[in-house]
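This report is meant for someone meeting the structure for the first time. Please keep the sequence and the model in view while reading.

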Amino acid sequence: MIAPKFAAFLTIAACFASLSGKTQAQPVDLSRAAIHCLTIDKQFLLRTPEILQEEVEKRTGLRWPVIIRAKTPTGTGPSILLVRLEDSARLAPGDRSMLAALPLPRTEGYQLLTLKDGRLLIVGRDARGLLYGVGRLLRQLEMRPGNILLPAPLSMSSSPAYPIRGHQLGYRPKTNSYDAFTVARFDQYIRDLALFGANSIEILPPRTDDEPTSPHMVLPPAKMIVEQARICKSYGLDVWIWYPNVGKDYEHEDAIRQELKEREDIFASLPQLDNVFVPAGDPGEMDPGPLFRWLEKEAVVLRKYHPNAKIWVSPQAFKPQPEWYTSFFTEANRKYPWFGGVVFGPWVKVPLEQLRGQLDPSIPIRHYPDITHSLNCQYPIPHWDLAWALTLGRECINPRPYDEKTIHNTFAPYCTGSISYSEGTNDDVNKFVWSDQDWDPSTPVIQTLRDYARLFLSPDMTEAAAQGIIGLEDNLKGPAITNTGVERTLLQWQRLERQATPSLLANPRMQMCLIRAYFDAYTQRRLIHETELVQQARELLENGTPETILQAKAILKNTTPTTTFPVYKAKCLALADSLFRSIGAQLTITRHGGRQERGNFMDFIDYPLTDVPWLLDQLSGIEDIPTDSQRIKKLHAILHRTDPGPGGFYDRLADPLSFERIEPGLPWANDPGGLQSPHVGFGTGLEGISWLDNPMAPGFKGKVIPKSWMKQAMALYDIPLKASYKDLDSTSNYLIRVAYTGRYRSHIKLTTADGYQIHDYVETGKKPIFEFDLPGKEIHNGRVTFVWQCAKGERGTQVAEVWLTPHKRP
């Protein structure tokens with residue numbers, strides 16, 4: 001939690017920068033500047049002068065000379081002075097006086113001050129502070145070929161709010177791009193993250209819950225992680241390693257010896273290692289007692305090579321019982337000398353504020369936020385439309401800047417910082433937003449996006465690109481078919497595309513935004529097209545003749561968008577190919593060697609968005625039924641599948657209108673992970689049908705289901721799911737039909753809020769539809785509230801559809 005005094009310090013620093021911008025608006029031309037390092041201490045400078053020189057040269061073609069000496073230059077004119085705070089006494093009296101007016105930076109903090117004659121001071125409290133000061137300058141500069149402009153003089157002091165600020169960059173096959181990274185690309189990416197304040201990078205060992213290698217890898221994993229650690233050390237960053245326990249036995253002596261040998265080889269090879277993060281599960285399910293006994297042994301090996309390193313543990317477990325957590329808290333609160341703290345990440349059942357209350361106040365908590373996934377994850381996009389879920393899927397290019405700020409600021413007060421869970425470059429924007437929030441949670445999102453656009457795209461599209469990124473997040477809000485912002489966002493990015501230089505068009509960050517803009521517009525146009533054709537077919541089917549059935553089937557078979565904006569699809573495929581060539585982004589399986597559920601959203605660019613496949617399956621052979629009455633009866637059952645009958649009720653509980661029946665719980669901003677509140681889930685979970693991210697997998701077994709079974713109202717773990725109905729007929733009994741789908745396949749019990757049991761625990765996943773009686777005497781004043789609950793220790797409750805059909809009491 002930020003101390004009030006420190007929060008006030010951050011505010012003062014921000015005000016200082018703001019006032020400076022208002023009172024001094026003259027730009028400073030730095031095209032002919034030089035970099036003067038007022039120290040010869042290599043451990044302070046590290047690679048920071050090189051970063052400043054190289055990043056400027058890449059964008060402008062101008063190479064600022066670097067001059068290293070322990071005295072202040074006597075000449076005038078544009079120059080960048082890199083200064084250690086303790087050496088600031090060497091500055092000229094007038095310069096010292098101006099600097100003294102700024103608040104002193106704290107650990108890893110910096111001061112930026114524009115002096116007379118175009119000179120600029122970057123004062124670092126320490127080596128990292130200097131690096132982050134240079135990063136802030138680069139984010140403010142307008143760099144064009146042959147020209148470097150600082151739009152307004154700077155006068156600011158800034159220090160990070162949280163001591164842990166980083167991202168996981170795992171070199172393993174499961175990622176959607178990292179496994180194709182070269183050493184040079186990792187170096188650049190780690191540098192980019194550092195420019196926005198990151199101080200930690202988390203790597204992965206060669207053996208995880210994954211294949212040992214990937215065809216995209218340029219180095220064996222054991223060698224690449226050494227390079228990653230070396231890069232971090234050269235920049236002065238911390239190195240973490242996520243090291244799950246994926247062995248089969250951690251209690252038998254021979255197995256322990258083998259596991260320790262593997263870890264010793266890894267720890268010995270790394271030039272730097274500051275912390276080890278071990279999840280209790282997902283993967284490597286272990287009970288807390290055996291887990292902590294094992295970690296004591298691992299700690300001995302770790303400290304042999306990295307004496308100050310600590311081990312952090314997360315209470316991740318798919319199906320934990322209460323006694324599991326009791327045991328975990330007991331072990332964590334023993335505060336072993338090797339124990340660094342607790343990590344809050346995906347599949348931690350206990351809400352973060354409760355987790356904080358169960359731990360000794362001295363034990364730090366590190367956030368491990370999933371910023372890479374969009375559904376079936378720690379922080380899913382709230383109330384996502386099924387059209388996006390079916391096409392963009394779990395691991396698309398997913399800029400969510402405002403969502404990420406909300407999530408960060410909700411949980412940051414309980415944490416000592418964060419290192420994000422990332423599976424590739426798809427979450428690129430989210431990383432920089434998260435780093436900025438870890439530095440200062442009051443930072444406006446638009447400020448981060450402007451800096452991102454100015455530094456990584458072009459200063460000439462700073463505002464337009466920042467707003468365009470916001471548009472990509474807004475595309476995914478509300479019903480896809482009526483979101484008018486989708487077309488507007490495409491127009492924004494098309495305008496930038498026309499203005500872009502060839503080098504910018506080849507920029508992967510530009511391409512990731514463009515592909516999403518085109519993909520979203522293409523998907524929306526397909527949805528409108530398909531929906532209209534389905535309606536035409538349904539109107540023909542109401543006639544029920546063999547001729548009209550054949551006409552309807554012909555329409556349904558012609559929904560492939562061969563004439564619906566093919567240029568958009570072609571643009572997406574070309575951008576996907578280019579992203580594969582430039583950063584190894586694997587957006588398809590066949591063309592780019594991607595993996596299912598791992599960023600291959602382009603494989604689903606033409607996936608059906610409506611019930612066309614289900615209708616065609618149901619209509620198979622129906623025109624051959626010999627009698628009109630039988631044929632019409634079968635058609636009626638198909639077309640009126642959701643009809644609850646006179647006086648009845650039907651709900652797709654995950655749809656926005658039906659979801660209003662669900663007892664809400666906490667607002668999304670207070671519980672974005674849904675640990676205490678109902679939300680929306682995706683998947684099918686039926687026998688022989690794979691879950692949502694692989695709807696065309698061989699496991700489908702030819703079964704075709706209505707799209708409404710792919711989306712559910714849900715509640716995690718033992719949180720009940722409650723839906724209220726009013727205006728029922730208390731003189732009638734009701735038949736209640738429920739569609740239980742979803743990937744958890746839990747055992748579910750249904751009662752009323754008054755305690756009447758409609759059914760005991762039933763196993764879901766075997767069949768979708770269940771029918772039960774609801775006696776009228778259980779309806780009070782026309783109202784009833786249904787309560788669904790999964791069995792103890794299971795992952796959650798999911799309900800897709802509900803029918804209530806009245807029938808008079810005998």
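## Salt bridges

In what do the side chains of Glu771 and Arg737 meet? They meet in a salt bridge, at 2.9 Å from N to O, where a salt bridge is a side-chain nitrogen of Lys or Arg within 4 Å of a carboxyl oxygen of Asp or Glu. Glu771 lies in strand E25 (residues 769-774) and Arg737 in strand E22 (residues 732-739), so the pair ties together parts that are 34 residues apart in sequence; helices (H or I, at least four residues) and strands (E, at least two) are DSSP runs, numbered from the N terminus. Glu771 is partly exposed, with a relative accessible area of 46%, and Arg737, at 22% relative accessibility, also counts as partly exposed. Here buried means under 20% relative accessible area, exposed means over 50%, and partly exposed lies in between, with a 1.4 Å probe and protein chains only. Salt bridges that share partners also join Arg47, Glu50, Glu54, Glu55, Lys58, Arg59, Asp187 and Arg191 into one network.

The model is a predicted one, in which local features need pLDDT of at least 70 and side-chain atom pairs count only at pLDDT 80 or more, while totals for chains, interfaces and linings use all residues. Residues are numbered from 1 along each chain as its sequence is written, and side-chain values use heavy atoms, with hydrogens and water left out.

## Two further pairs

A search of the whole structure finds 63 salt bridges, and one of them is formed by Glu395 with Arg598, whose closest N and O atoms are 3.5 Å apart. This pair links distant parts of the chain, 203 residues apart, with Glu395 in the loop between helix H12 (386-391) and helix H13 (401-411) and Arg598 in the loop between helix H21 (566-583) and helix H22 (612-619). Both Glu395 and Arg598 are buried.

Lys569 forms a salt bridge with Asp606, and here the closest N and O atoms are 2.4 Å apart. Lys569 is in helix H21 and Asp606 in the loop between H21 and H22, so that the pair, 37 residues apart, links distant parts of the chain. Lys569 is partly exposed, with a relative accessible area of 25%, and Asp606 is partly exposed as well, at 28%.

## Packed helices

Helix H6 (residues 183-195) and helix H14 (residues 428-439) pack at an angle of about 40 degrees, and their axes are 9 Å apart. Axes are lines fitted to C-alpha atoms, for helices over the stretch in contact, and angles run from 0 to 180 degrees between N-to-C directions. H6 and H14 are therefore oblique to each other, given that angles under 35 degrees count as roughly parallel, over 145 as roughly antiparallel, 65 to 115 as roughly perpendicular and the rest as oblique. Tyr189, Asp192 and Leu193 of H6 make the contact with Asp428, Lys431 and Phe432 of H14, contact meaning heavy atoms within 4.5 Å. These residues divide into three nonpolar, no polar and three charged; Ala, Val, Leu, Ile, Met, Phe, Trp, Tyr, Cys and Pro count as nonpolar, Asp, Glu, Lys and Arg as charged, and the others, Gly among them, as polar.

The axes of helix H9 (residues 288-305) and helix H10 (residues 322-332) come within 8 Å and cross at roughly 30 degrees, and H9 and H10 are therefore roughly parallel to each other. Pro288, Gly289, Phe292 and Arg293 of H9 make this contact with Trp324, Ser327, Phe328, Glu331 and Ala332 of H10.

## Open sheets

Four strands form an open sheet in the order E21-E26-E23-E24, with antiparallel pairing; two strands pair if DSSP finds at least two bridges between them. Strand E21 (721-725) and strand E24 (757-763) stand at the edges, each with a single partner strand, so one side of each is left without a neighbour in the sheet. Five bridges join E21 to strand E26 (residues 784-790), and Ala723 stands opposite Phe786 in E26.

Another open sheet, of three strands, has the order E1-E8-E7 and antiparallel pairing. Helix H3 (residues 48-60) lies across E7 and E8, running at about 55 degrees to E7.
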